[in-house]
Amino acid sequence: MPGSPSGPFSTAFTKLVGVSHPVALAPMGGVVESDLAAAVGNAGGYPIMPFSWSGQDVIEAELTSLRAKTKAHFAVNLCLAMPQDARLELCLSHKPNAVHFFWGDAAPYVRHVHAHGALVIQTVSDSEEAGRAVAAGVDVLVAQGWEAGGHVRGTVATLPLIPAVVDVAGSVPVLAAGGISDGRGLAAALCLGASGVVMGTRFLATPESAAHKEYVAQLIAADHGDTLIETDLYNVGWPNAQHRVLRNALAERWLAEGRPDNRSRHRADDAIAQRGGVNIGTYQSTTPHREMTGEIEAMSMWAGQSVGLVRQVEPAGSIVARVMDEARTILSLR
Ligand SMILES: Cc1cc2nc3c(=O)[nH]c(=O)nc-3n(C[C@H](O)[C@H](O)[C@H](O)COP(=O)(O)O)c2cc1C
């Protein structure tokens, strides 16, 4: 059960959203489902459910299931690179604590989301975008640094980004995303002025995550230098969007051949994996899910540089507890 949002670790963020710990589960399209979200919520963290590509039936089922597994407050996440109006309405009907927008301006949605009693969270990647979001009435900023896994909008690393965003945020809480896998990262983010952290890559290697076991094995084997950030690699389905993934043989070949375009690259027209009878093409922007079969290692295995700190599969609740313990010790908050 989530505890009190007050206590030694209360921050502007925990007080605003009503959770015990300043640790949010990053929305990770394709692999954050209700089991993982509930585990983080039940450990006192703040789950953010990704629905940018989900059908209405999936949103309905996942939110119903999440409510049955936890009483924790949670947010839903929608990527503004594609139309989201229908998904937004369905999500709002489930009364989330907040709606988290990514890859675009939340401004047109602020009044509507507030009218439904939910908070608005927006991911930003520089101080200018942060200033616009604050002026538009956004309630929480997620500052995503360049180290982050998955799609990454900006070019500034977390260490310089957080204080710059905090400086323009005023009383709006800022969460740090990108490069954070343990309590040292949480302590550092708090020292930079953040009110909490958003952790993605670390939570992929948990028994509750829906990530494919081969993907998890690759994450555990990887070091911090084993990721690549590119725009035109896994660009099928979501073009012109910078993304950070694990290096694999397919990526190495594409780089060695001088980043050939979509039509002329190796295995451009092949299907490399399947799920439920649906083919997944080479270079498709798709997170490897445990129900997929095929060449998982050739898929877009999104990962942040924080992957170097991921050494084992660990229950999500233990990760939250350990991150809190480590940060408390570092900050002498016992
Ligand atoms: C597998 C994966 C999928 C992601 N999908 C989304 C998404 O659907 N929406 C979103 O806002 N961010 C998404 N992200 C980015 C995360 O929200 C977050 O910014 C990132 O994981 C933080 O960096 P870290 O991985 O080093 O913790 C994704 C990241 C990963 C690793």
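In the predicted model, the axes of helix α8 (residues 183-191) and helix α12 (residues 316-330) come within 7 Å and cross at roughly 55°, which makes α8 oblique to α12. Angles under 35 degrees count as roughly parallel, over 145 as roughly antiparallel, 65 to 115 as roughly perpendicular and the rest as oblique. Axes here are lines fitted to C-alpha atoms, for helices over the stretch in contact, with angles running from 0 to 180 degrees between N-to-C directions, and helices are DSSP runs (H or I, at least four residues) numbered from the N terminus. The crossing of α8 and α12 is right-handed, a term used if the near helix is turned clockwise from the far one by less than a right angle.

For helix α3 (residues 56-69) and helix α4 (residues 85-93), the axes come within 10 Å and cross at roughly 20°, so α3 and α4 are roughly parallel to each other; their crossing is right-handed. Helix α6 (residues 127-135) and helix α7 (residues 158-169) have axes that come within 9 Å and cross at roughly 30°, and α6 and α7 are therefore roughly parallel to each other, again with a right-handed crossing.

Around the ligand there are 23 residues, of which P27, N77, G200, T201 and S306 come nearest, a residue being counted if one of its heavy atoms lies within 4 Å. By class, this shell holds 11 nonpolar, 12 polar and no charged residues, where Ala, Val, Leu, Ile, Met, Phe, Trp, Tyr, Cys and Pro count as nonpolar, Asp, Glu, Lys and Arg as charged, and the others, Gly among them, as polar.

A nitrogen atom of the ligand lies 2.8 Å from an N or O atom in the side chain of N77, while a backbone N or O atom of G29 is 3.0 Å from a nitrogen atom of the ligand. A polar side-chain atom of S306 is 3.0 Å from an oxygen atom of the ligand. Taken alone the ligand exposes 600 Å², of which the protein buries 97%, with accessible areas from the Shrake-Rupley method and a 1.4 Å probe.

Residues are numbered from 1 along each chain as its sequence is written, and side-chain values use heavy atoms, with hydrogens and water left out. Because the model is predicted, local features need pLDDT of at least 70 and side-chain atom pairs count only at pLDDT 80 or more, whereas totals for chains, interfaces and linings use all residues.

Key. Polar contact = N/O pair within 3.5 Å; in protein donor to acceptor, adjacent residues only side chain to side chain. Helix = DSSP H or I, 4+ residues; strand = E, 2+ residues; numbered from the N terminus.
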